[in-house]
Amino acid sequence: PQSNENTDTIKPKIRKYNRGERLSVKGLKDKKLKSQLKTKEDLFEKSALTAAKVEQWLLPSEGGALEADDGENTYDYTQEDIVKNVDISSAHKAFDLRLPDLGPYTIDYTHSGRYALIGGRKGHLAVIDWKTKYLMMETQVKETTRDIKFLHNEQFFAAAQSKYIYIYDKKGAEVHCLKEFVAPLKLEFLRHHFLLVSTNKAGVLHYQDTSTGQIVANYSTRLGPCRVLRANPYNAVVSLGHSNGTVTLWTPNMGTPLVRMLCHRGAVTSTAFDMGGSYMVTAGADARIKVWDIRKMQALHSYMAFQSTKSLDVSQKGLLAVGSGSTIEIWKDAFQVKQEKPYMKHRLFQNSTIQDLSFCPYEDVVGIGHTGGVTSILVPGSGEPNFDSFVANPFQTVKQRHEAEVHALLDKLQPQTIMLDPQKFGAVDKNPRKNLREQEEEEDESKKIQGQKKAKRKTKGRNKVGKRMAKKQLEAFGTKRSIIREQQQQQKQTKGALVKEREEPLPRALERFAS
Amino acid sequence: MERKSHRTKVLVFGMAPKRGRGRGGGGRGRGGRGKGRDAGPNYPSRLLKEIGLPLDLNDRKRRHSRKSGKPADEPDSVASDLYEYQEGVPQEESGKNRRFDQVDKLEYELPSDFEDEEIDEGAASGEENVGTLDDKSLEDDDDEDDEGDEEEGDQEELHDRMLMEVTGKANRHAKKVKEDISYMDDKNEEVPITVEDLLAPLQEKPGFNALKKRVRSLQKSAAPVSVPLPKNIQEKIDRQAGYEKTVEDISKWQPIVKRNREASTLKFIDKVNVALSSTTSMVADFKPSTAFEKEVAALLKENGVADPSQIEAKESLELNKLSVDEVRDRQERLAKMRNLLFRHEERAKRVKKIKSKTFHRLARKSQKTKADMLADDPDVQLEETMKQELNRARERMTLKHKNTSRWAKRILKRGLQQHNEGTREAITEQLREHALLTRKIHSAKSESSSSDEDEEDDSDKDDEPGLVLEKPGSRVLAKAKVATLKALEEGTNDTELPTTGIFALPFMVRAIEKKRKEAEDEARAVLEELESAGADDAGPSQETGPLKGKLSFGGHADKVSAMKAIDEEDDMVERGTDSENSEDESPLMGTKMLLVTRKEKKRKSDPVPVNAVDIEDVDLEGMVSAAVEHTTKVDEPITIAGDKSERTKKKKKKKSKNKESATRLEDAMGVEVTKHSVISANPTVFGTDEVARPETNSKSVADESFKVAIAGRPKDTSHKQDKKTVPEQENSVEEQEEDLDYDGDEVIVPRSQEDLIREAFAGDDVEAEFQEAKAAAVDEECPQEELERMDLPGWGQWTDIQKKRGPPQWMLKQQEEAKRKKEEAEKRRLDAKLKHVIISQKTDKKAAKFLSSSLPFPYTSREVFEKTMRMPLGRDYNPTKAFQDLTRPSIIKRAGVIIDPIEYEDVGKRKRKQERWAIASRITQAKDSKHLEKLWQQFF
């Protein structure tokens, strides 16, 4: 019975790791291919089984959750209640940073969740090791700062300031000023591609490679200033929200949006994607929150909010945080099934208004940037409980960080690889254009032909009087010139000899080679 | 079929390098006699004469050959001759220059039961020729040996053969040939050597007798040796057999080769035996060698700790030690525990035996009081009260008692009278509970709030219809009366009218006054009714009580719907106002119940009874409250402050059945409405917090009109009241609207949130814009075919008739075709069915280089190819072992390792063994004899 139990629990895991049905080789005629595919499939199956077993036995931590007693609701529990009932280390993760002066804060976590970057609108930037509350860096840029984002690790971050995007290092020193892009509003960093994506007041979408510094793409949306930018973690496609209620999806490869969707009647105020990349959540000024299946591009359900939502975020485990006014609501399983009531609710102190929301990866914490500072609250079950130190290591040493950086650069994906359905990568082109190589060859040929065309000899003006005189003079002085040249050379040689003499004599052992 | 068994020599891998005489390529006709082979052709004498050669050339040749011991007519080499005609030995045959493979002769044995059809056929056809062929070969010998044999003889022989073939009879010459053989034999072996001769010298040797015996037996059994097969056939058979043998020989490698080819990886690595050394093995192998080590070992042995097991034993002994005191203590403790347990058990038994229920009850009670005593301190008590409060709150939150459940709704919809007593009672019970709960809230709140509000709350509190049910006392009526009077007074006093703004306009003032008057009238009417009711109440109050309750339920459902609508309005209002009030409520996103404060809740409940009144005028409380409401100025932000005319217009439009035009107009209306209402009600929508709220003055007036509008209803509809039945009263909002329209009275109709939002953003008309954009995108991506202008201008347009016909048929067809094509292309688009989505159909040129332009070779279907790529192979996505397995190269070799040729091993052996085992197990289970037999056959 025990083994049965095990198989029952392990089966869904195997299915998860199998990534689709097993390929059946029945219809294949090619025997060699058949046997090759069969062995490959067997290996895949084995891999899935091992992965499932690893998950079952080596990743035993399960995500936490709030459970309500009879007649109670989980959203009744306040942060105080939760903090009272959790262990000390977790209790320390809930805190308020009261920074009332430097105005609404934006917040961003590193990929491992260890460091938090906060940026006040009035130029206050700080990097915090937020669990120990150790302030790594703090600086005042004395400029309006609209958004901040960590780059590939905690060593660098970008800030969208009033005129340009700046890149700072961990000490707060300005490393770069990206002058190519003016008046940025929102930033996003694509970790696997080393792309810094930004939008600005002119409604231009800008992709810049942070490893090479090259500008990858610069596309105009023609839809006015764009304050909503979010990347889909699954396929690195970027979504922009516009004031006319549309959401557009972009890749750096196309100058026009891949998809345009009319999501709201008012302006779009925020978008967010789930980790699997199948759902998108949008919030609009029409006080609605809509959940979309972006595989089918269809709205699944729509929620009413009591205020227009300012910020949305989806956690690793699929919790949805909705920040509007000074209230934050957490919704559980809000994608598949329309929920009746929220999972959690929290109200900020002193009615400060939410500016930005961000779930901390690998932690049951959501960070809230607002007018009164920064607040971190506990949301049981939001983060992934098991972290893979090869993917994101919160306890990274310096050496590991160096390694990881190099590996990340080696594994960097080219911007051309961004596509709406990454499963299509390497697939057969359904309507192939001309063979790429042929095309290139043609281009080369045309270039060659162009090169062969010699420029016309323009002898215009050669026969001018002045030119003729000059020529004559040149001929006259030609002999003189050669003499002068010889003299000059001689002088040089003597000088060189002098210099040589002045140089230290060679060691004795080497003298024989010098002669 | 014929079976043959013979031992043959087989040439393998080609031909022998040299060919002996008469072996020439199996060619029967060529050089059959061998004459002239080495010495050129035999020329006719006339020819010789012609070319001037001596006539005796042939003779000379003969002579020469005779000299050299060869037949006379075999001419000598003519190398020295002028006439150098000689067919040289082919290069490959001569094998002089080793350019051609040297092939080994290998010997193989044919199996004893060898059989072949082809060979049989050959043999069969050969049998006829045996004689002649034999002749030929014999004659070959003849030529060589017999000097005297002349050409004539040859010719004779040929003639004979011909004859024989024609007549089918052997003629005399055949006999002669046989004689010749014997003659030849005699001639060749002049002194024939017999076995006896050979054995003669061995006579004296030991074992000679035995040898002799064996020889004799051999001689006895010796049958005449059959005539050997002709060479070509023999060779064919040999080749055949050789092939068979080779196939068999090579095929044994097949499984090995197959295995190697199918293996995912082949390893060519030196097998290195790494000596495993663990700590235990090192310890076991350790032998003290140095003096120091020996000394240590000796010491250890002396103390008995050389072995780890000994150490363990000693340690455990040490640990087991207990002092006497400790043991005694432990025993005492155990005894005490046992004793206590025993006593407790005894007591429990005794108590359990008591059958008196009262005793048990008392016992439980005493226990409880004990617990209470424990919880005597104020903290605990406080907690207790908090808990109770929470329970109550929860009860309230469940909405269980508000008749909002599906069941209750259904029952109310059908009408209460149609249900039995039980159901009715259940609903009454629910309602009662609800009233109780809500009253408790009020009381709780009134304590905390200020005295001014207190009064209001009190009056509000009593407005609940549920409360009327609970205690339909005269006190309520009295209170209502007082309230009405007060309101009337205030209404008359409050004659101040706005002096500025829209409401200061003369027609507006007039309207307001008119409304006010109406309200007053109504209030008076209510007062009258109240008085009469009071008189009634003094009488049979007990009977009317339940009746009231019953009747008022009918209105309740109506109330519910009305409440919902107003809820929504309030929500909108709430969003406009600051969110301070929202603290203690639980706004739910999913349901439409949003931020509603307690205050609002109360207000909400206010207009409701009016509806109830309009249905049954029995519910006096509601009417009172309505009257009160309209006279007292409530500081409430308005929801919809569109002016009268607009609203009336709207009603008219709504009336019209043409839906499209209606909605369009509504949209247009919406724009106007937003100007008024949205800015005042929901400024956050536009993000303009700075927009000042409309003056309270105008608000209150508008509000008044709103209230009046509702309050005015009962008056007009009162005459209908007796006609109406209960189910009719539960109309939907729309129906009510229509009713109202019919009455010609302007009434604000509570709209849903969605409607409001639509109105709020109607000006943007994003949808139309989006549709336009989509159409443009579709046109761009699926362009209509550009039709060539095939007609000439003016052609076919000479006459009016031609002109009237229009463009020719074929042109129209072309156009239609183009249109159809475009439509099809549009249908094929991914966003064809998605109204609010534009999916770009443009191909991503940059990403196209990561797609394969065609299906790679061994694959025949795209699906299969794409499916093989579904699994990521990277280290990040696979466990280490799996990753290694998936990415292992097909051949692993190490530099410098010599790769040996394959060694033979029986791969199939194991498989066969397994098969046999399987069959054996089946044999043991088999029942059917036939089947069993079959299995046995398979087994062997």
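The stops below pass from confidence to the contact between the chains and then to a single pair of side chains.

**Before selecting**

This is a predicted model, in which local features need pLDDT of at least 70 and side-chain atom pairs count only at pLDDT 80 or more, while totals for chains, interfaces and linings use all residues. Residues are numbered from 1 along each chain as its sequence is written, chains are lettered from A and ligands numbered from 1 in the order in which they are written, and side-chain values use heavy atoms, with hydrogens and water left out.

**Stop 1: confidence in chain B**

The mean for chain B is 64, and 47% of its residues reach 70 or more. Next, select residues 1-40 of chain B: the pLDDT there is below 50, and the model gives this stretch 78 contacts (heavy atoms within 4.5 Å) beyond near neighbours in sequence. Residues 65-81 of chain B also stay under 50. For the complex, the predictor gives an ipTM of 0.83 and a pTM of 0.50.

**Stop 2: where the chains meet**

Show both chains and select the contact, which takes 67 residues from chain B and 77 residues from chain A. The buried area (accessible area, 1.4 Å probe, that two parts lose on being put together, summed over both) is about 6600 Å², and carbon and sulfur atoms give 62% of this.

Which residue of chain A does R870(B) meet in a salt bridge? The partner is E41(A), with the closest N and O atoms 3.2 Å apart. A salt bridge here is a side-chain nitrogen of Lys or Arg within 4 Å of a carboxyl oxygen of Asp or Glu. The count between chain B and chain A is two salt bridges.

Now highlight α37 (862-868) of chain B, one of the elements that supply at least two residues to the side touching chain A; helices are DSSP runs of H or I, at least four residues, and strands are runs of E, at least two, numbered from the N terminus. The largest share of that side, six residues, comes from α37(B).

**Stop 3: strands across the contact**

Select β17 (residues 259-262) of chain A together with β2(B): the two pair in the antiparallel sense over three bridges. Strands pair if DSSP finds at least two bridges between them. The bridge partner of V259(A) in β2(B) is I839(B).

**Stop 4: a pair within chain A**

Finally, select K412(A) and D209(A), whose side chains meet in a salt bridge (2.8 Å, N to O). This pair links distant parts of the chain, 203 residues apart: K412(A) lies in the loop between α5 (398-410) and α6 (436-452), and D209(A) in strand β12 (residues 204-209).

Terms used:
pLDDT = per-residue confidence, 0-100.
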